[in-house]
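Trainee: I should like to work through this structure with you, one topic at a time. Where shall we begin?

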Amino acid sequence: TGNLESAINLEVALKLQKKLEDSGYQVIMVRTSQDVNISNQQRAEIANKNNAGAFIRLHCNSDDSSSIHGTLTMAPSESNPYCSQIAESSYNLSKCVVDNICSQTGSKNRGVMINDTMSGINWSQVPVTIVEMGYMTNPTEDKLLATDEYQDKICIGIANGIDQYLLVNAD
């Protein structure tokens, strides 16, 4: 479609913000417009400073093969040198989110990828997940990611995943 990943991420983020706020959640956005220059460290510091119950990072994936498709999430390992203390909670959050997105969208569930090389995870001190909503290099998913209907399903899935995670992990 030629859409920018950052534009799709923002469209979904703004829809998710509304959905979560309508459900009574307090949502803190790291950006609400397209041209924002903010580092992964600064994004994580916003979540950390506000003691976020869940730090959701929205992304679209890519691959050398245009046939690869599906949704996945990322979380740190228990041996992550920067944030091992949130590994279990981040995995649980990631699993709830990916399972619920795939349930809503019918997307292939690629599961939770454990990754210790992402600065978007490593600066975090609160439960974090990177959500790879689909592959923009896959023509079918690229078109879906650009539609309001599919974005709405992603938002329902993420919101349901957050609900499930917080219900199970309530103090």
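Mentor: Please bear in mind that this is a predicted model.

Trainee: Which residues does Asn100 touch, not counting residues up to four places away in sequence?

Mentor: Asn100 is found in helix 3, which covers residues 87–105. Setting aside residues up to four places away in sequence, the residues that Asn100 touches are Gly157, Asn160, Gly161 and Gln164.

Trainee: Is Asn100 buried or exposed?

Mentor: The cut-off for a buried residue is under 20% relative accessible area. The relative accessibility of Asn100 is 16%, so Asn100 counts as buried.

Trainee: With which side chain does the side chain of Asn100 make a polar contact?

Mentor: A polar contact requires a pair of N or O atoms within 3.5 Å. For the side chain of Asn100 the distance is 2.6 Å, and the partner is the side chain of Gln164.

Trainee: Turning to Asn122, which backbone oxygen does its side chain reach?

Mentor: Asn122 lies in helix 4, residues 119–122, and is buried, with a relative accessible area of 12%. Leaving aside neighbours within four places in sequence, its contacts include Asn80, Tyr82 and Cys83. At 2.9 Å, the side chain of Asn122 reaches the backbone oxygen of Asp116.

Trainee: How far apart are the end C-alpha atoms of helix 1, and why does that agree with its 18 residues?

Mentor: At 1.5 Å a residue, the 18 residues of helix 1 should span 26 Å. The model agrees with this because the end C-alpha atoms of helix 1 are 26 Å apart.

Trainee: Against which elements do the buried residues of helix 1 pack?

Mentor: The buried residues of helix 1 include Ile8, Val12, Leu16 and Leu20. An α-helix has 3.6 residues a turn, so residues three or four places apart point the same way. The buried residues of helix 1 pack against strand 1, strand 4 (128–135), helix 5 (139–145) and helix 6.

Trainee: Which element gives the most to the lining of the largest pocket?

Mentor: The largest pocket has a volume of about 830 Å³ and is lined by 31 residues. By class, 18 of the lining residues are nonpolar, 9 polar and 4 charged. Elements that each supply at least two lining residues are helix 1, helix 2 (40–49), strand 1 (55–61) and helix 6 (148–168). With 8 residues, the element that gives the most is helix 1.

Notes. Residues numbered from 1 in each chain as written. Predicted model: local features only at pLDDT ≥ 70, side-chain atom pairs only at ≥ 80, totals over all residues. Heavy atoms only, no water. Helix = DSSP H or I, 4+ residues; strand = E, 2+ residues; numbered from the N terminus. Buried < 20%, exposed > 50% of the residue type's maximum accessible area, 1.4 Å probe, protein only. Polar contact = N/O pair within 3.5 Å; in protein donor to acceptor, adjacent residues only side chain to side chain. Contact = heavy atoms within 4.5 Å. 1 Å grid on protein atoms, 1.4 Å probe; cavity = no way out; pocket = protein on both sides within 12 Å on 5 of 7 lines; lining within 4 Å. Points joined across faces, edges and corners; volume = space filled by probe spheres on them. Nonpolar A, V, L, I, M, F, W, Y, C, P; charged D, E, K, R; others polar. Expected span 1.5 Å × (residues − 1).
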